[in-house]
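Q: Could you take a close look at one group of charged side chains here and walk me through how they pair up?

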Amino acid sequence: MQIGGIVSRCRAQCIAAASLFSNHSLFSKSLRSSSASPLFPPCPTQSATSDAFGPRLGCVRAYHDGRPRGPLWRGKKLIGKEALFVILGMKRFNDENEKLDKFIKTHVLRLLKMDMVAVLTELERQGEVSLAVKMFKVIKKQDWYKPDVYLYKDLIVALAKRKKMDDAMELWQSMRQEDLFPDSQTYTEVIRGFLQYGSPADAMNVYEDMKKSPDLPEQLPFRILLKGLLPHPLLRNKVKQDFEEIFPDQRVYDPPEEIFGLR
């Protein structure tokens with residue numbers, strides 16, 4: 001009798017557990033089928049991409065992926081962590097020369113070649129041309145440095161676009177001392193910068209240097225000069241004669257003098 005009672009009680013417990021499980025399953029299905037349940041409203045931050053982190057209290061938390069925000073970040077493959085740290089540090093001590101020099105000795109000089117070039121490129125892209133010049137001077141002192149016209153070109157163009165023509169010409173002279181000639185774009189930007197800076201004489205010096213380049217000149221720097229030298233007819237006539245000799249099939253437009261107030 002005792003054994004029969006024990007079996008009956010076990011059977012009753014199993015039936016109750018099965019009934020409870022069935023009711024729980026039906027309740028779960030009803031929750032999933034209900035689109036607007038007042039008890040468990042859907043979490044707006046839930047996404048399929050964050051399932052790996054698991055649900056927490058009915059919602060999935062939007063985790064930060066650890067990458068820096070803003071224009072500084074250009075991808076892990078292009079700029080390493082050490083280079084990012086150096087860029088932020090140089091910008092932080094930009095107005096404090098002593099701290100900046102100390103930071104360069106303790107951190108910048110430890111960078112690898114590719115990281116140094118990445119720092120230089122990123123500073124140019126952000127418009128930090130003064131810091132870019134300092135970084136370029138650090139690069140020139142490295143044992144692995146070899147004269148590279150493209151390093152000069154990007155920095156000179158960045159300086160010319162911001163009308164820092166004194167710094168641009170200092171780099172220009174350093175580039176010429178290394179027997180490097182820039183391309184047509186660099187000539188164009190530097191000539192345009194001097195014309196906007198109000199120094200037509202310096203623009204003509206760059207133009208004379210351009211004519212000594214072993215590469216054939218292009219039309220764009222000539223046309224920039226022809227337009228910028230309208231208030232200086234003598235200089236413009238000289239450039240016009242050279243242009244007609246080099247490009248005999250091209251035509252130079254001479255606007256009426258009264259339009260530009262040259263009389």
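A: Let's start with Glu208, which is partly exposed at a relative accessible area of 29% (buried is under 20% relative accessible area, exposed over 50%, partly exposed in between, with a 1.4 Å probe and protein chains only). This is a predicted model, where local features need pLDDT of at least 70 and side-chain atom pairs count only at pLDDT 80 or more, while totals for chains, interfaces and linings use all residues. Residues are numbered from 1 along each chain as its sequence is written, and side-chain values use heavy atoms, with hydrogens and water left out.

Glu208 pairs up with Lys211 in a salt bridge, 3.4 Å from N to O (that is, a side-chain nitrogen of Lys or Arg within 4 Å of a carboxyl oxygen of Asp or Glu). The two sit 3 residues apart in helix 9 (residues 200-211), so about one helical turn separates Lys211 from Glu208; helices here are DSSP runs of H or I, at least four residues, numbered from the N terminus. Lys211 is partly exposed too, at 37% relative accessibility.

Now over to helix 11 (residues 233-246), which holds both Lys238 and Asp242, 4 residues apart, or about one turn. Their side chains also form a salt bridge, at 3.8 Å from N to O. Lys238 is partly exposed, with a relative accessible area of 35%, whereas Asp242 counts as buried at 15%.

And here's how it ties together: Glu208, Lys211, Lys238 and Asp242 are linked in a network of salt bridges. For context, the whole structure has 10 salt bridges.
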